[in-house]
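Q: I have not looked at this one before. Can you take me through it?

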Amino acid sequence: MLIRIFTLPFDEVTQGFPDHIIADFCLNKKVHEVKSRFFTSEGKPYWSVSVLYDVLPKGEEKIRELDDTQKAAYIKLKEWRKLKGEKEGFPVYLICNNAQLMDIVLRKCITLESLKDIKGFGRKKIDKYGKEIIEIIKAFYLPEK
């Protein structure tokens with residue numbers, strides 16, 4: 001984990017602290033903890049904020065744009081992929097990469113045919129993993145009968 005400390009001076013014009021600086025910083029980070037303290041120095045007010053965080057892997061910042069159902073489906077697909085990789089004895093990215101999982105979730109692929117639209121999914125990959133993938137997606141988007 002990393003830490004970043006911000007010391008923000010009070011802005012007389014806006015009558016507030018420029019907290020957008022912290023919000024912008026946190027956009028592509030996984031924030032674990034935020035602590036703040038108000039203090040004055042030479043009669044001037046300041047706000048000190050420490051942010052304990054990790055940098056999100058490239059592409060993971062897109063997760064923040066997903067709704068709750070999409071996030072849950074994406075996480076479930078990543079769990080499935082991890083187990084599948086362990087079982088087959090090779091790296092998970094050979095099954096499918098994060099961008100492909102994201103695309104599957106965003107397109108709500110509930111048929112084998114819809115997987116053809118995912119870049120990198122050919123007949124072989126669809127035959128090998130397609131049924132399991134669409135069953136996971138169906139569980140999130142189709143009502144149980």
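Predicted model: local features only at pLDDT ≥ 70, side-chain atom pairs only at ≥ 80, totals over all residues.

Q: How many bridges join S2 to S3?
A: Twelve bridges join S2, which covers residues 29-41, to S3, which covers residues 44-55. The two strands run antiparallel.

Q: Which residue in S3 is the bridge partner of Phe39?
A: That is Tyr46. Another pair is Thr40 with its bridge partner Pro45 in S3.

Q: What sits between S2 and S3?
A: They form a hairpin with two residues between the strands. Glu42 lies in that loop.

Q: What about the phi of Glu42?
A: Glu42 has a positive phi of about 55°, although it is not a glycine.

Q: Is Glu42 buried or exposed?
A: Glu42 counts as exposed, because its relative accessibility is 79% and the cut-off for exposed is over 50%.

Q: Where is Lys108 found?
A: Lys108 is in the loop between helix H3, residues 98-107, and helix H4, residues 112-115. At 42% relative accessibility, Lys108 counts as partly exposed.

Q: Switching to helices. What describes a packed pair?
A: Two packed helices are described by the angle between their axes and by the distance between those axes.

Q: What are those values for H2 and H5?
A: H2, residues 68-88, and H5, residues 123-141, pack at an angle of about 150° with their axes 10 Å apart.

Q: Why are H2 and H5 called roughly antiparallel?
A: Angles over 145 degrees count as roughly antiparallel, and the angle here is about 150°. H2 and H5 are therefore roughly antiparallel to each other. Their crossing is right-handed.

Q: Which residues meet there?
A: From H2, the residues in the contact include Leu77, Trp80, Lys84 and Glu88. From H5, they include Ile133, Ile136, Phe140 and Tyr141. By class, this contact of H2 with H5 has ten nonpolar, two polar and five charged residues.

Q: And H3 with H5, at what angle do they pack?
A: H3 and H5 pack at an angle of about 50°, and their axes are 11 Å apart. That makes H3 oblique to H5.

Q: Is the crossing of H3 and H5 left-handed or right-handed?
A: The crossing of H3 and H5 is right-handed.

Q: Which residues make that contact?
A: Gln100, Ile104 and Val105 in H3 meet Lys125, Ile133, Ile137 and Tyr141 in H5. The residues of this contact divide into five nonpolar, one polar and one charged.

Q: Which H5 residues come up in the contact with H2 as well?
A: Ile133, Ile137 and Tyr141 of H5 meet residues of H2 and also meet residues of H3.

How values were computed. Residues numbered from 1 in each chain as written. Heavy atoms only, no water. Pairing = 2+ DSSP bridges. Helix = DSSP H or I, 4+ residues; strand = E, 2+ residues; numbered from the N terminus. Axes fitted to C-alpha atoms, helices over the stretch in contact; angles between N-to-C directions. Parallel < 35°, antiparallel > 145°, perpendicular 65-115°, else oblique. Left-handed = near helix turned anticlockwise from the far one by under 90°. Contact = heavy atoms within 4.5 Å. Nonpolar A, V, L, I, M, F, W, Y, C, P; charged D, E, K, R; others polar. Buried < 20%, exposed > 50% of the residue type's maximum accessible area, 1.4 Å probe, protein only.
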